[in-house]
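Hi,

Here is the structure I promised to send over. Have a look at it first, and then read on for my notes.

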Amino acid sequence: MDKNNSIDNAGISGATVHWLHTNVSAVTNEKGWFTIAYKEEFKKLVVNYLGYKTDTITINSLEPIHHFLTAESELEEVTINTRRKATQKSFFSTANMFTVNAEELLKAACCNLAESFETNPSIDVSFSDALTGTKQIQMLGLTSPYLLITQENIPSIRGASQAFGLTFTPGTWVESIQISKGAGSVVNGFESISGQINAELVKPFSDNKFFLNAFGSANGRFELNTHFNEKVSEKWQTGLYVHGNYTGQKFDMNDDNFLDMPISNQINVMNRWQFTDAEKGWVSFINVRFLKDEKQTGELNFNPKIDKGTTNYWGSEIDTKRFETSAKLGYVFPEMPFQSIGFQIAYSNHEQDSYFGLNIYDIQHESVYSNIIFNSIIGDTRNKFRTGISFTYDQFNELVNTTDFSRMENDFGAFFEYAFDNLDNFSLTAGVRIDRHNLLGTFITPRLHLRYVPWEKGAFRASVGRGKRSANIFAENQQLFASSRQINIDDIGGNIYGLNPEIAWNYGVSYLQRFNLFDKKGDITFDFYQTNFQNQVVVDWENPQEISFYDLNGKSSANSFQVEVNYTLAEQLNLRTAYKYFDISTDFKNGNLQKPIQPQNRFFANISYETYLEDDGKQWRFDVTFNNIGKQRLPNTSSNPAQYQLPVYSDAYQLLNSQITKVFSNKFEVYIGAENLTNVQQKNPILASDAPFSPYFDSTIVYSPIFGRTIYAGLRFKIK
């Protein structure tokens, strides 16, 4: 309440209070105290607690009052069924943010985080090369290194894990995903340029006591996920999460004598502890995780025991071991619920040993991250702030063939973020951080987000922010080792591979309008974002025999426009559709060119239908997703022999995915689905596949699916 006044409700903890006909609410602490934002027009305060009558109190002044709730004389059992949307767009958030819940992740065969965005139009999913089968993501037309990807707000996929890290988080471990477009928060660091993706993992206290997911596909991929959660005491809960996948069958659907996807296996184990003491305001999480991932790809007859390091057959092995542990500790001041302090610390050791034909690439990345955050208010709860300090340490031991590119990075930073919300039509979040980095120097990172509600159900947003990062040129472009290209670096004396850090400004505007049409709800969103690079490490592969890395000399910009419509066609039948346009160009040494393998036009549509949930939990679910991907400019191959040349542009193509789920009870369900029902396959995805050790061999120019239609099925079983 304004000026920190409060209302005492006689010591009931956990009661909810809200101003009548508003979304402004609070929850009482163990003493029955709470603080709630106040405006002069707020007169009626509603107090609610299970087992007691709901009361509405008239507030005429800001003087503390005592109110006693009356117990219900007789309580009848009431069952309330509510449905949370699988994807939720925030109307009240200052930033352009939306949340993907676990229900949305079940709509596709999302066995890992990289595959969990296929029903979301804001994230583009594509393959990085014709050998590893690894899916990469883009947002605002920029690749994942320009995104800040966090796990429970701790940076996770960065450095050595950039290429394959998204495949290391199983989809069943994810509770929800928060996606923010444009400049992120200064609290999470300075690296974010195009946006932030945060994955919240399932919590031991709220997850099922036991969960099993088994998956198998026609391409020989099998996966198993199990969750075991146990209550250790009143305040401690622990969970053991085990994931395994195996692909052992060789496929060559296009008869080029190369595997369409690697032979692989992965074991992934996480132990998670949760401590909660709501009465005293403490909450804590501790994670320990180990992963081992092995991939083999290349020619069908390649035998690593015999052919490794020879020109008998072309082959590749990528072996990764990763250990990570993290802890989070939070404290909410019991008598001041608006004030809290949190501490995060994480350690990871990522070791990858790999070779691609005759190219060797080994990297070990040891990382330490820590962050302390203090939250409070200035005057009243309309004015909030977060401030704190952070420290990161990264040791890279990197070997490319015979060249050692090892380096050490450390950074110490401090940040302050102020948020204002008048609870009516305007809010802003303004943040700034200053960092001292041993290789990037001392620099300031500003970020600003604005939100304005011009009329009912409409929200206009704008953002601007600066990002800075060191480009890990080899870890982020590992697919280029699977070619015969000569690696060239224009060493200009910079601190990172002889290059300078990447710096970019991101500007964005967005408008969200909710509406009712034919008594059905819907919303439409318009987004436009522009990213301008002050410096960028240009990855130039316009010469088919070379791959060159050099600092930008000129202009590089990415323009992204998206319009998205969500509409309820009928009860339980929902439509999501979007159109995207990209204009992404860079000044290369041979002129300004559009980004290669990037469609300028994309169209997306998803239709989902569910039958009504029966009392015993039975239900049917149906989902269909359609993508139209426009033509894409291909890297220049005109200097190759005629048989190894590609056209200037690829053809447009269409993808269709579908899944059907039958829920038999609250404990058991099965699903069957298909990806790429239209059976799209890129012709000749590997240049010079008949001469893999020639100067023309290249597996990196992949613009459409390679495998074709894939049928899969699975089951889920849970005990609450």
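How much space lies in the second largest cavity? About 390 Å³. Before the rest, a word on the source: this is a predicted model, where local features need pLDDT of at least 70 and side-chain atom pairs count only at pLDDT 80 or more, while totals for chains, interfaces and linings use all residues. Residues are numbered from 1 along each chain as its sequence is written, and side-chain values use heavy atoms, with hydrogens and water left out.

Back to the cavities. Searching the whole structure turns up eleven of 30 Å³ or more. (A cavity here is a set of points, on a 1 Å grid over the protein atoms alone, where a 1.4 Å probe fits but cannot get out; lining residues have an atom within 4 Å of a point. The volume is the space filled by probe spheres set on the points, which are joined across faces, edges and corners.)

The second largest cavity has 33 lining residues, and nearest its centre lie L148, P155, R158, F190 and E191. Elements giving two or more residues to this lining are β10 (147-151), β22 (380-400), β24 (407-421), β25 (426-437) and β27 (458-469). (Strands are DSSP runs of E, at least two residues, numbered from the N terminus.) By class, the lining has eleven nonpolar, twelve polar and ten charged residues, with Asp, Glu, Lys and Arg as charged, Ala, Val, Leu, Ile, Met, Phe, Trp, Tyr, Cys and Pro as nonpolar, and the others, Gly among them, as polar.

Now some strands. An open, antiparallel sheet of three runs in the order β7-β8-β9, with β7 (124-127) and β9 (142-143) at the edges, each pairing on one side only. (Two strands pair if DSSP finds at least two bridges between them.) Two bridges join β8 (residues 135-139) to β9, and Q138 has T143 as its bridge partner there.

Elsewhere, β3 (residues 44-48) pairs with β4 in the antiparallel sense over four bridges, and V46 is partnered by T56. (Buried is under 20% relative accessible area, exposed over 50%, partly exposed in between, with a 1.4 Å probe and protein chains only.)

Y497, not a glycine, has a positive phi of about 60 degrees and is buried because its relative accessibility is 11%. N684 also isn't a glycine, with a positive phi near 50 degrees, but N684 is exposed at 58%.

Cheers

Note on methods
1 Å grid on protein atoms, 1.4 Å probe; cavity = no way out; pocket = protein on both sides within 12 Å on 5 of 7 lines; lining within 4 Å.
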